[in-house]
Amino acid sequence: MNPSRTVLLAALYLGLIFGGAFVGQQLTDLVAFDIRPSNEPEVHGAIMTCTGAYILASAIPFVPGAEIGLGMMLLLGPRIAVLVYGSMVAALMIAYLIGRLVPPAATARAFAVLGLRRARDLSLDLAPLDTEARLRLLTARAPRRIVPFLLRHRYLALALAFNLPGNSLLGGGGGIALAAGLTGLYSPGGYALTVVLAVLPVPLMIFLTGHHP
């Protein structure tokens, strides 16, 4: 890869990270409204609007959805934890389903535009294969021992990735979910169960204790 393309990719990556952080900050500021008995109907409507915006934003790669959700729970109280939990699950399912719907040829073209030829070739090689064949091919081409291990325990690795501090550097929850859909390695049922369990700990802790973990 030539230096100019490397600089371009680095700039694109940093732009996505800072763009996601900006969207996250704007959404966090949006829910920082004053709650009083006199404005309860307006607050209820605002919360529903913010919830819809939160679902859509959290499905976007590099937007720090987990941090936004935590901010919402801290600002609005532990009772909002159930709504935040359901919203995050919905966002991760949306991103995953979008990834499932993207044609492999489109993914390969995107890699080609970015100059990632090996990724493009791998994407084309994986396209006609079923899940088991994809796993065998990826395991055979994996350069390190840790990669085959992660592939064998891919659902556990996915759950850990969703809960990894600073995972916005990996694309955030939305980016990880999108990638999971693109790979074709995760069945819809297995993925959904993984998300339901992976997202649960922090909202449940806040809901039960009323405190920041």
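Student: Which residues do ring pairs link into a cluster?

Tutor: This is a predicted model, and the structure holds three aromatic pairs. One of them joins Phe-162 and Tyr-191, edge-to-face, at 6.5 Å centre to centre with 75° between the planes. Ring pairs link these two with a further tyrosine, and the cluster consists of Phe-162, Tyr-191 and Tyr-96.

Student: How many residues apart in sequence are the parts that the pair of Phe-162 and Tyr-191 ties together?

Tutor: Phe-162 counts as buried at 9% relative accessibility, and Tyr-191 is buried with a relative accessible area of 0%. Phe-162 lies in helix H9 and Tyr-191 in helix H11, so the separation in sequence between the parts they tie together is 29 residues.

Student: What is the geometry of the aromatic pair of Tyr-155 and Tyr-186?

Tutor: Tyr-155 belongs to helix H9 (residues 154-163), while Tyr-186 sits in the loop between helix H10 (172-183) and helix H11 (188-199), so this pair ties together parts 31 residues apart in sequence. The ring centres are 5.2 Å apart and the planes make an angle of 90°. Planes over 60 degrees apart count as edge-to-face. The pair of Tyr-155 and Tyr-186 is therefore edge-to-face.

Student: Which residues does Ser-187 touch, not counting residues up to four places away in sequence?

Tutor: Ser-187 is found in the loop between H10 and H11 and is partly exposed, with a relative accessible area of 35%. Its C-alpha is 9.9 Å from that of Tyr-155, although the two are 32 residues apart in sequence. Beyond its sequence neighbours, Ser-187 touches Tyr-155 and Tyr-96.

Student: How are H5 and H6 oriented to each other?

Tutor: Helix H5 (residues 104-113) and helix H6 (residues 117-126) have axes 8 Å apart, at an angle of about 170°. Angles over 145 degrees count as roughly antiparallel. H5 and H6 are therefore roughly antiparallel.

Student: Which residues of H6 does H5 meet, and how many residues of the contact are nonpolar?

Tutor: On the H5 side are Pro-104, Thr-107, Ala-108, Phe-111 and Ala-112, and they meet Ala-119, Arg-120, Ser-123 and Leu-124 in H6. By class, the contact of H5 with H6 has one charged residue and two polar ones, and the number of nonpolar residues is six.

Student: Which residues is Leu-138 in contact with, leaving aside its neighbours within four places in sequence?

Tutor: Leu-138 is found in helix H7 (residues 131-141) and is buried, with a relative accessible area of 19%. Its C-alpha lies 7.8 Å from that of Pro-148, ten residues away in sequence. The contacts of Leu-138 beyond its sequence neighbours are Leu-122, Leu-126, Leu-151 and Leu-185.

Student: What covers the buried residues of H7?

Tutor: The buried residues of H7 are Ala-133, Arg-134, Leu-135, Leu-137 and Leu-138. Their cover includes helix H8 (146-152), H6, H9 and H10.

Student: How many helices and strands does the secondary structure of the chain come to?

Tutor: From the N terminus on, the elements run α-α-α-α-α-α-α-α-α-α-α-α. The totals are twelve helices and zero strands.

Student: What share of the residues of the chain counts as buried?

Tutor: The chain exposes about 12,300 Å², with 70% of that area supplied by carbon and sulfur atoms. Among contacts with a separation of 6 or more, 68% come from residues 24 or more positions apart. Of the 213 residues of the chain, the buried share is 37%.

Definitions and conventions
Residues numbered from 1 in each chain as written. Predicted model: local features only at pLDDT ≥ 70, side-chain atom pairs only at ≥ 80, totals over all residues. Heavy atoms only, no water. Helix = DSSP H or I, 4+ residues; strand = E, 2+ residues; numbered from the N terminus. Buried < 20%, exposed > 50% of the residue type's maximum accessible area, 1.4 Å probe, protein only. Contact = heavy atoms within 4.5 Å. Areas by Shrake-Rupley, 256 points an atom, 1.4 Å probe, with all protein chains shown as cover. Axes fitted to C-alpha atoms, helices over the stretch in contact; angles between N-to-C directions. Parallel < 35°, antiparallel > 145°, perpendicular 65-115°, else oblique. Nonpolar A, V, L, I, M, F, W, Y, C, P; charged D, E, K, R; others polar. Phe/Tyr/Trp six-rings, centres within 6.5 Å; stacked < 30°, edge-to-face > 60°.
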